Amino acid sequence: MAHRTVAICDGKYIGIESIYTVINGHQINIPDRLKNLREKSRNNKLFCPCGCGANLILVAGDKNLREQHFRIKDGTYNNNCRVHFFNQLFP
Ligand SMILES: [Zn+2]
């Protein structure tokens, strides 16, 4: 499954690219933005962009070793999730 790159936060779409900048081909996290989004993640403020209500978790390592993305919080997957359709609309 493709990595999720969009979440809904406070009623707005947030793209994962908002937390990093690209330097020499590396996606380098912007500390303030990362901290901010991580807090929202911890407080269950991030949701699936399809509107199914599933909580999303921010996945982003401090050392920039992993590609930043969102994933569904364990146990909150909703069978009504239509994120696959959403990803086709906003690849
Ligand atoms: Zn969904």
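A residue counts as buried here when its relative accessible area is under 20%, as exposed when over 50%, and as partly exposed in between (1.4 Å probe, protein chains only). On that scale, 33% of the chain's 91 residues come out buried.

A word on the model: it is predicted, so local features need pLDDT of at least 70 and side-chain atom pairs count only at pLDDT 80 or more, while totals for chains, interfaces and linings use all residues. Numbering starts from 1 along each chain as its sequence is written, and side-chain values use heavy atoms, with hydrogens and water left out.

Now the layout. The chain has two helices and seven strands, with helices (H or I, at least four residues) and strands (E, at least two) taken as DSSP runs numbered from the N terminus. Read from that end, the order is β-β-β-β-α-β-β-β-α.

Strands β1 (residues 6-9) and β2 (residues 12-15) run antiparallel, joined by four bridges; strands pair if DSSP finds at least two bridges between them. Val-6 has Gly-15 of β2 as its bridge partner. Two residues sit between the strands of this hairpin, where Asp-10 takes a positive phi near 55 degrees.

What about the cysteines? A disulfide needs a pair of cysteine sulfur atoms within 2.5 Å, and the count is zero.

| Residue | Relative accessibility |
|---|---|
| Cys-52 | 14% |
| Cys-81 | 10% |

Finally, for contacts (heavy atoms within 4.5 Å), residues 24 or more positions apart make up 50% of those with a separation of 6 or more in the chain.
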